[in-house]
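Open the model in your viewer and have the selection tool ready. The tour takes one chain by itself, then the place where two chains meet.

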Amino acid sequence: MGQQKVLFEAKDMFKSFGVTKALKEVKLELKSSEVLGLIGENGSGKSTLASIIAGIWAADSGSMFLEGQQYFPKNSMEANYSGICMILQEKSTFDHLSAANNIFIGAEKRFVKAGILDGRRMKREAAKVLQEIGASHISPSDMIGNLSFEDGKLVELARAVSIKPKILIVDETTTALSRTGRDILYLIMEKMKKGGNSVIFISHDIDEMVDKCDRLTVLRDGNYVDTLEKKDFSTQVIRRLMVGREISDNYYRTDSESCKNEEIVLQVKDVIAGKLDNISFSLHKGEILGFGGLADCGMHDIGRIAFGLLSTDTGEVKDAKGKKIEAPAQAMSRKIGYIAKNRDQEALMTNSPILDNICIASYDKLSKNGCILPGRENKFVDYLADQLEIKMQDSKQYVMELSGGNKQKVALAKWLGFGADILILDCPTRGIDIGIKSNLYNLMIKLKKEGKSIILISEELPEVIGMSDRVIILKNGRISGEFRREAHPTESLLIDYMV
Amino acid sequence: MDRNIINIIKLLLLPVGMFLIFTLIAPGFGFHSIPVIISQSIIQVVIGFGLSLLMNAELMDFSMGARTVFAAIFGGILSQSMGMPGLIFGCLAGAMFGALLMAVLYQYLKIPVMVVSLGIVMIYEVLGAKLTGSSGYLRIGSDIYQIGSYPNNIIILILSGVLCYILYYKMRIGCHITAVGNDEKMCRNIGVHADRVKFIAIMLTGVYCAIAAVLTICYSGAITASTGMGTLGIIFKPIMCVIIGRQMRKTLDNMPILIFIGGLCISIIFNGFIALGLPDALQDIVLGIFLIIVMGYSSNSKNITNFYRRLMTAK
Ligand SMILES: Nc1ncnc2c1ncn2[C@@H]1O[C@H](COP(=O)(O)OP(=O)(O)OP(=O)(O)O)[C@@H](O)[C@H]1O
Ligand SMILES: [Mg+2]
């Protein structure tokens, strides 16, 4: 190692969005046949840098070189032609188009003869690519809108692979994927390396970064901090470089007692709905109830039925007083809050200011005689933004301009401000950096102490084990195992129940 | 049998059913009405083809009626000196000019298409009226309007349907239009030029206005200029054709056929109620109710089947 030639280089990169300086004199060097990790806190400029390399944004100043040649893509199409391709952090597939159309969008030229598109050949090729990456369960004619969030991401992967890129940029994708999806991604990265190509990999999971990357470039607040070689990787050092201060190793709960409160706040009985097949469980006061399982085990539907979003075919969801919950409005009136996994589409209004997003659930509190009090609104938002350390210009900024992790914080702030007694969190730490993650975990512990209950649905088993009083594992829509905290379930034990 | 053919037959049950009902209840309505029904639906279906491209890009345009009438007048005037080629050239030129003006206004001034289109309606109505002179009326020779009357109009309809199919499914522009309608920001990330795609979509509506213009002036051999937003009435039925068509898209992914079926339904309803002697105002009410029923059913079809399933499991 170390002797590989430099494939790509960026120097003196500057980029501002209004008054936000997203990048300040950032540099990056990518060698051939390597996976370069890009790591940093939320809003540190990772996505911005990656998007500039992929031609989505133009830098304010700075220069880039691809294989020694000056590289200056005008748009992402040009970047694709040069062999650079990016999987975005946010969902970027078109719901109303088929998988095949999504895979080849922008690159249909290959299938056009005398102006006419050969749809059949395109579908065949799409099937080939899907097969190649190991996602043959997706049919090229499937409308993306009918696919799951994860399968959508896999289609994006297929799109990237079909371009046969020299440089693949993967921005915070793993947290959207289940285990199988991740394996598919890792395999692609491995193949890229073997073929002499390179990957820029962005993730907040330090263990994953240490495991998969050859070198790591650390950004902090839009500044370049350092680049580490594989031999120098240490979780402690990486954390310190990222945050600029020491962060304790242990951010999960330290106690090993499960919640003993018998008071039931939410009861789900014999429910068949969506992917769920005869599910019963109850949530107690002051309990953190974790759900884990494989991607299509139906665990995401648990949150949806508990919030009344998905109506049940049979069975019922009841609150503490035994009243049924059948719609989100009913759930909210019983002080239940819900953050969906598909953040941009389901949990936020990205085309609205942060202020509106945070206040929307709490207008009752913020108004007097039917009029909203702006003073109260501002105070409310400032307090929450401060508590969660949301990185923003001001509360009037649009949510779509925030970095991925900061969007998640806005969604959380909404329900914290609402004062939910029961919080349903579906993949709450998706795209959140370790600093905030540990804040979030502390917050969950604090809420638990205040007697609030939490349903935690997560693809991250360590998180489920580390935070829950009780863990329920789902398999094919049924409960396959239940573990109390004092039983100290291990990851491998849970996996046995998942597959 | 091919699944698509079965689905087409399923969808045809709607207009056929309505036809049979009217045949039973309305005296004077029957098989002899079919040519009228089809020929009346042709113009609105053709305009619907063009409009659906725009609606797919999540744009709304009210000016297609005005542009069609203007193009027809322009074509009619040219036909007086140049005959049939004049008619075709005039319709095409008038329609493309209309589309270009709209596309340019939208592109450079960034005014929403719907707003631009309303401005265009007023401008073109007045231009058309000026061209026809004080009578507001223009007649073309019977030798000329042959090309747009039966059975040529059927051929024109089929050809423009085929063109629509090709645009939708056999060219990259159709896919890009859908993508733009889906999410413009994402298009940018992926490298599809949303503005260029919309420009092309607007220009394509010009082609359909030109075809509709030829058909309109040949339908009765004359064209009347209308002012005071009168041409908005023309666009109302095509909008419904497209909306009905889009609602059936889950069953069959073939927009031109769906729009045609939508056009048939509307035409049957109108003719059926005329046969029943219903006054104009009431016809609009019936049409409105029909639209609500179709949309209501198809947007809730999942809930309706769920409801039935739950009823069954409850038993
Ligand atoms: N379109 C935009 N308009 C305004 N500000 C933006 C825009 N995109 C990003 N920013 C700002 O630039 C900064 C860097 O954002 P970026 O998305 O690069 O962060 P990130 O490192 O990817 O964070 P995360 O881990 O949360 O995804 C943030 O402060 C963000 O608010
Ligand atoms: Mg990011």
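A residue counts as buried here when its relative accessible area is under 20%. The model is a predicted one.

Select chain B and hide the rest. By that cut-off, 50% of the 315 residues of chain B are buried. Of the contacts in chain B between residues at least 6 apart in sequence, 77% link residues at least 24 apart.

Now bring chain A back and select the interface. On the chain A side 30 residues are in contact with 23 residues of chain B. Pick out A:F94, A:L117 and A:D313: they supply 23% of the area chain A buries against chain B, more than any other three residues. Between them, the two chains bury about 2,300 Å², with 56% of it on carbon and sulfur atoms.

Next, show the side chains of A:E108 and B:R172. They form a salt bridge, 3.4 Å from N to O, and the rule finds one salt bridge across this interface. Eight residue pairs are in polar contact across the interface, both residues at pLDDT 80 or more.

Finish on the side of chain A that touches chain B. Select α2 (76-81) and β8 (116-117) of chain A, each of which supplies at least two residues to that side. Which element gives the most? It is α2(A), with three residues. By class, this side of chain A has twelve nonpolar, twelve polar and six charged residues.

Methods. Residues are numbered from 1 along each chain as its sequence is written. Chains are lettered from A and ligands numbered from 1 in the order in which they are written. This is a predicted model: local features need pLDDT of at least 70, side-chain atom pairs count only at pLDDT 80 or more; totals for chains, interfaces and linings use all residues. Side-chain values use heavy atoms; hydrogens and water are left out. Contact means heavy atoms within 4.5 Å. Buried area is the accessible area (1.4 Å probe) that two parts lose on being put together, summed over both. A salt bridge is a side-chain nitrogen of Lys or Arg within 4 Å of a carboxyl oxygen of Asp or Glu. A polar contact is a pair of N or O atoms within 3.5 Å; within protein, one must be able to donate a hydrogen and the other to accept it, and residues adjacent in sequence count only if both atoms are side-chain atoms. Helices (H or I, at least four residues) and strands (E, at least two) are DSSP runs, numbered from the N terminus. Ala, Val, Leu, Ile, Met, Phe, Trp, Tyr, Cys and Pro count as nonpolar, Asp, Glu, Lys and Arg as charged, and the others, Gly among them, as polar. Buried means under 20% relative accessible area, exposed over 50%, partly exposed in between (1.4 Å probe, protein chains only).
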